[in-house]
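Trainee: I have a new model on my screen. Can you show me how to read it?

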Protein chains: 2
Amino acid sequence: MAYRLDEQIGYILRLANQRHGLIFNKHSELGLTPTQFAALVRIGEMGACSQNLLGRRTAMDVATIKGVVTRLKAKGFIQLNPDPGDKRRTVVSLSAKGQDVIDQLHAFGEKVTEETLAPLSAPERKVFLDMLKRLT
Amino acid sequence: MAYRLDEQIGYILRLANQRHGLIFNKHSELGLTPTQFAALVRIGEMGACSQNLLGRRTAMDVATIKGVVTRLKAKGFIQLNPDPGDKRRTVVSLSAKGQDVIDQLHAFGEKVTEETLAPLSAPERKVFLDMLKRLT
DNA sequence: GGTTGTTTATTAGTGTACAAACGAATAACC
DNA sequence: GGTTATTCGTTTGTACACTAATAAACAACC
């Protein structure tokens, strides 16, 4: 049987990711990228934490989370403070503006998820997500 | 029900993509990235074509395919020639070295696919790939 | 209490990914 | 045949994503 690019999981995953990105950007009103969105929502879930820990909890390496934090700070959604008990650490937390948009982010995220999964029925979505999680 | 980042399709897709990338790089011997691999395999499937068309058939925009072609050329896997019938076009085709590695690429691709899908049983893989394709 | 090892953050370099704008060449059309 | 629209390739700018190297701070340990 011939090898076909269109049947390879890596290639199809890339396409699915691209489609999700397009849907995300189409609806994005706050000017956030999917990565920035993930970091911001995670801070809302975890509360204040170090930049490094935030990176681990959002699957971003140190160089990536550094840039994401810089841009979220520039946009005013987070604030950065030195950790009083550990001079190595920078404590990342939501700003007042960040607090204010969390509910909006959740509603936005649900809309994006809904549209991305639109081609699948409700029972299919559950099966699909369970299998996809096993590939992480 | 609370919104949870870990349940969002976009976030999980990103994680699955990351895992695939790690598996790909671990086995990569020719120094190719997943994107370069896709472009090279596609040229092998299509034969010679313009740079723009190659981009469309591998889901890369003009700026991305430009860089990928430049690097594949630098690594000696492809050759670039002007199109005799259309002065706008650059014809991209496999070099002798590119021809020589196509079979190796297919075997490599199958190994990466196998390892990426290892957490799923054979029937699950079929169901999963069918659903994932619908999300592209 | 001083060595050893780990953690945290930064920087530099390479490689996707997309948007936007540009000039040159070609195609469509009247 | 001349205007209009489209296509092709390039460049600029922003944003992930990973590797590798570095320096500072902290923790463990005997």
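**Reading the fold, step by step**

Mentor: Start with contacts along the chain. In chain A, take the contacts between residues at least 6 apart in sequence: 49% of them join residues at least 24 apart. Keep in mind that this is a predicted model.

Trainee: How many helices and strands are there in chain A?

Mentor: Chain A has six helices and three strands. Along the sequence, their pattern is α-α-β-α-α-β-β-α-α.

Trainee: What box do the C-alpha atoms of chain A fill?

Mentor: Along the principal axes, the box is roughly 60 × 30 × 25 Å.

Trainee: Now the sheet. How do strands pair in general?

Mentor: Strands of a sheet pair through backbone hydrogen bonds, and the pairing is either parallel or antiparallel. Here, the three strands of chain A make an open sheet with antiparallel pairing, in the order β1-β3-β2.

Trainee: How many bridges join β1(A) and β3 of chain A?

Mentor: Two bridges, in the antiparallel sense; β3 of chain A spans residues 86–94. For one residue pair, look at A:Cys49, whose bridge partner in β3(A) is A:Val92.

Trainee: Which helix lies across β1, β2 and β3 of chain A?

Mentor: That is α2 of chain A, residues 34–46. Helix α2 runs at about 100° to β3(A).

Trainee: What about burial and surface?

Mentor: Take burial as a share of residues. Of the 136 residues in chain A, 48% are buried. Then take the surface by atom type. Chain A exposes about 7000 Å², and carbon and sulfur atoms supply 54% of that area.

Trainee: How far apart are the mean positions of the positive and negative charges of chain A?

Mentor: They are 6 Å apart, for 20 positive and 14 negative charges.

Trainee: Let me try a single residue. Where is B:Thr58 placed?

Mentor: B:Thr58 sits in the loop between α3 (51–57) and α4 (62–74) of chain B.

Trainee: Is B:Thr58 buried or exposed, and why?

Mentor: Buried, because its relative accessible area is 0%, and the cut-off for buried is under 20%.

Trainee: Which residues is B:Thr58 in contact with, leaving aside neighbours within four places in sequence?

Mentor: From chain A, B:Thr58 contacts A:Tyr11 and A:Arg14. From chain B, the partners are B:Ala38, B:Ala39, B:Arg42 and B:Ile65.

Terms used:
Residues are numbered from 1 along each chain as its sequence is written. Chains are lettered from A and ligands numbered from 1 in the order in which they are written. This is a predicted model: local features need pLDDT of at least 70, side-chain atom pairs count only at pLDDT 80 or more; totals for chains, interfaces and linings use all residues. Side-chain values use heavy atoms; hydrogens and water are left out. Two strands pair if DSSP finds at least two bridges between them. Helices (H or I, at least four residues) and strands (E, at least two) are DSSP runs, numbered from the N terminus. Contact means heavy atoms within 4.5 Å. Axes are lines fitted to C-alpha atoms, for helices over the stretch in contact, and angles run from 0 to 180 degrees between N-to-C directions. Buried means under 20% relative accessible area, exposed over 50%, partly exposed in between (1.4 Å probe, protein chains only). Accessible areas come from the Shrake-Rupley method with a 1.4 Å probe; for residues, only the protein chains shown count as cover. Lys and Arg count as positive and Asp and Glu as negative; His and the chain ends are not counted. The place of a charge is taken as NZ of Lys, CZ of Arg, CG of Asp or CD of Glu.
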